[in-house]
Amino acid sequence: MPDKYILGYAMDRSLCAVTAEDVRRLTHLNLAFGVLKNGLLDLSRLPHIGEIQRYRKENPALRVVLSVGGWGAGGFSTMAMTEGGRRAFAQSCLRAVDAHGLDGIDIDWEYPCVDSAGIDADPRDSENFPLLLSALRDALGDGRIVSIAAGAGTYFCQNTDMAEVARICDYVQLMTYDIRSGFEREAGHHACLYTGDGDRLAGD
């Protein structure tokens, strides 16, 4: 594995515009987004997924990972509620990885236990989130990537068992543009490198 990751995201409408220079600069490329439909992975929003074969010719070492979810993408809570639901979803991810030659799956559940995006949510999401990732790891095996996109605010850590998540995942991508978000009632920098001494969240 490389000493550092240079990771980019590309929406389907941008896949055809990704250049050879872009691809050679990256170690990882996340395809955004797969979604859930009836508890299974749905790739209907990625009609240009075949473009990744072009990328691999330009950079054979590139790791291409499918991101599943995104803001407003629901179905995670309901699917993850049962072992059967988690296993069925993980198997649908495995089929997609095999069919398209992907290097792994990135879960972008925004967010466990939170319904602000108009998605299904339940307090048990905090327990089911790592169980979902574990099912995904079992399905994909150790040789493929399992990662997540995590909110950088306290709300995310409060609703997830990050120690267990970190044990399962290859890496975690922090959405550092959401350090201070709509979940807070105080104004402040939402993408700062350091918090000021007077910031109530400085110790969080």
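Reader: What makes R86, F89, A90, Q91, C93, L94 and V97 in α4 partners of residues in α5?

Author: They meet N128, L131, L132, A135, L136, A139 and L140 in α5, and contact here means heavy atoms within 4.5 Å. The residues of this contact divide into 11 nonpolar, two polar and one charged. For those labels, Ala, Val, Leu, Ile, Met, Phe, Trp, Tyr, Cys and Pro count as nonpolar, Asp, Glu, Lys and Arg as charged, and the others, Gly among them, as polar. By the way, this is a predicted model, where local features need pLDDT of at least 70, side-chain atom pairs count only at pLDDT 80 or more, and totals for chains, interfaces and linings use all residues. Residues are numbered from 1 along each chain as its sequence is written, and side-chain values use heavy atoms, with hydrogens and water left out.

Reader: Why is α4 called oblique to α5?

Author: Helix α4 (residues 83–100) and helix α5 (residues 125–140) pack at an angle of about 40°, with their axes 8 Å apart. That angle makes α4 oblique to α5: under 35 degrees would be roughly parallel, over 145 roughly antiparallel, 65 to 115 roughly perpendicular, and the rest is oblique. The crossing of α4 past α5 is right-handed, meaning the near helix is turned clockwise from the far one by less than a right angle.

Reader: How do you know whether N128 is buried or exposed?

Author: N128 has 6% relative accessibility, so it counts as buried; the cut-offs are under 20% for buried, over 50% for exposed and partly exposed in between, with a 1.4 Å probe and protein chains only. N128 sits in helix α5 and touches A80, M81 and R86, leaving aside residues up to four places away in sequence.

Reader: Why is strand β2 described as largely enclosed?

Author: Nine of the 10 residues of β2 (residues 28–37) are buried, so the rest of the structure largely encloses this strand.

Reader: What makes β2 a partner of β1, β4 and β3?

Author: Two strands pair if DSSP finds at least two bridges between them. Five bridges join β2 to β1 (residues 7–11), and these run parallel; H28 in β2 is the bridge partner of L7. Six bridges link β2 with β4 (residues 63–69), also parallel, and N30 has V65 as its bridge partner in β4. Three bridges join β2 to β3 (residues 40–42), running antiparallel, where K37 is partnered by L40. So each pairing passes the cut-off of at least two bridges.

Terms used:
Helix = DSSP H or I, 4+ residues; strand = E, 2+ residues; numbered from the N terminus. Axes fitted to C-alpha atoms, helices over the stretch in contact; angles between N-to-C directions.
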